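Let's take a friendly walk through this model, one piece at a time. Keep the 3D view open as you read.

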Amino acid sequence: MNLRLIDWIWHVRGTLPLAPAQSGDDALDRLAPLFGQPGTSYERASLDGAAQELTFTKKDQAAQDKMSVFDGGTLRIEAGADGAVLRYHLISRALLFCFLAPLLFLGIAQLTIVFDPHKNAPTEKAEKTKKADKKDEVVQLNPIDKALGAPAPEKPDKDDEDGGKGGSGKHGKKPATTPAYVFAGIFAALYLIGRILEDRLIRRLFRKTLAGE
Amino acid sequence: MDGIRVGKRLIGTQAPVTIGWENIPRVEGGPVKRAFFTWFQPVALFALLAFWYYAPNSIAKASTAIGIGIGFKVLLLGLEWVNPRHESWRLTWKELATDLFYVGISYTLLRLVDGYIGSDVMVEAIQDKLHWDKANWFTGLPLLVQAFLIAFIFDFGQYWMHRGMHNWYPLWLPHSVHHYITQLNINKGAVGNPVELFLIGLGIGGFFDFVPRAFLLAGAFGMAIGTYQHINVRFNSPRWWRFLFNTTEHHSLHHSQDFEATRSNYAGSFIFIDRMFGTCIDGEAELLGMEGGRRMSIREQMTYPFTEGWKTLKERFGRPRFDDPAAVPAE
């Protein structure tokens, strides 16, 4: 399978036109300080013709590094139809991880079903607790709380019914898979946001840096 | 760096810290903004306490508490956006995604593990054994006294567990990962090696959906105080608040790149426990983390305690390799 069909998931590519008078050297000189961050190493090379290339890798990049989401990539100044262009190709493990995270949480949901700790819980025990609960006296409120109007507590035996119905109670029949599904959804949304946002942010950063803003 | 003498200790010899409330910046802006960020913390605490005190039994449940907890965190994320404490702690997409990964693991995988060997099992055992009629002396106390005692006893235990983590190498290994965070944001409390998260019982769940009201009130203390340990918001916390309760200032010092500063402010909610045992330092730090602020990847956070532990074991008990060049002492 051609990896290029799916690698857009974690590869960000784009092109930006240079200003008409801007040389390739000048453009890369301006971009180079972006790679002076801790954990970043880069190399510049002249390719055939007028093309120039900057290759970088990052490790343990700082949280506030403006390119922290990327782990490596190349920036190339090439001749385009309407003058020189910056062509960039950046790789982000964070985006790939975020893309795969929903699968992880769906897997955890399945694990929760398979390894539900209450699946084989003895019902006898639950019944015993129920009986014990029924025998229990209702806890009396302190007179101060009564005077201040706090609601009086009820018998706790309702819990078992709640658990059975809602599925979230300790003695419920259904294992609690909802959080895993919710996080799968959150990460799917986060991926979409990140893929669009980081693409735009890096484009804006390169554009502004090239223009010297 | 000269550092600042606090009692017998020199704080800030390795990384910049600010010591003393008078040196800590205040909220800047108009009168409404300043009033909001002065009164937000006490109002939220008292509103939550009032809610749990008066909520009818039908809504005074753990599931409501979880819902409120999530809503509160979303609100605080908004405040981080509006009034950040430090620009250098701004939440980025990658930081948010990383933090949420740990929150997700706490809510799901750790909860599952807890169901077998962790806090759930202990709680269930306690609930099976504990007959509330035998605890009448306790449940007969005023609700707020019960709630405070529950929160205090829990925090007292957390204090010593946390202090132990900073003083005993086998416990430090899983906790050290949490100290690699380089900024404080609302979900950073969840970031750490799962072994540690399991140890300190961060796995959500545990109690039945029926929870005595006092536990919900105790949870409100944790939520409306402990949450501010990791947050990028500047508050003008009232004097009494910062005397009694843990604040972002205290906890940022605990996460400082300065080693001596990290050996302070261990409590989760009640900083007066640190005051009782002489480990409290009032101040703040902006430069956080370990190894000069190296940000650790999730992969390394997962393996670090084990690889480091293995390295140490090998150094201590492993057979010396004769082909190694002779070790040169540092001094």
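The buried residues of α7(B) pack against helix α4 (143–148) of chain A, and also against α1 (31–54), α6 (136–139), α8 (169–176), α10 (213–226) and α14 (272–277) of chain B. Bear in mind that this is a predicted model. Which residues of α7(B) are buried? They are L143(B), L144(B), Q146(B), A147(B), A151(B), D155(B), Q158(B), Y159(B) and M165(B).

Now turn to chain A. Here an open sheet of five strands runs in the order β1-β5-β4-β3-β2, with antiparallel pairing. β1 (11–17) and β2 (40–46) of chain A are at the edges with a single partner strand each, so each has one side without a neighbour in the sheet. On average, neighbouring strands are turned by 15° against each other, direction ignored. Seven bridges join β1(A) to β5 (residues 83–91) of chain A in the antiparallel sense, and H11(A) has I91(A) as its bridge partner in β5(A).

| Helix | Strands it lies across | Angle |
|---|---|---|
| α1(A) | β2, β3 (52–58), β4 (72–80) and β5 of chain A | about 15° to β3(A) |
| α6(A) | β1 and β5 of chain A | about 35° to β1(A) |

The axes of α1 (residues 24–31) and α6 (residues 178–211) of chain A come within 8 Å and cross at roughly 115°. A27(A), R30(A) and L31(A) of α1(A) make this contact with F206(A), T209(A) and L210(A) of α6(A). By class, the residues in the contact of α1(A) with α6(A) are four nonpolar, one polar and one charged.

Technical notes:
Residues numbered from 1 in each chain as written. Chains lettered and ligands numbered in written order. Predicted model: local features only at pLDDT ≥ 70, side-chain atom pairs only at ≥ 80, totals over all residues. Axes fitted to C-alpha atoms, helices over the stretch in contact; angles between N-to-C directions. Helix = DSSP H or I, 4+ residues; strand = E, 2+ residues; numbered from the N terminus. Contact = placed C-beta atoms within 7 Å. Nonpolar A, V, L, I, M, F, W, Y, C, P; charged D, E, K, R; others polar. Buried ≥ 20, exposed ≤ 12 C-beta atoms within 10 Å, placed from the backbone. Pairing = 2+ DSSP bridges.
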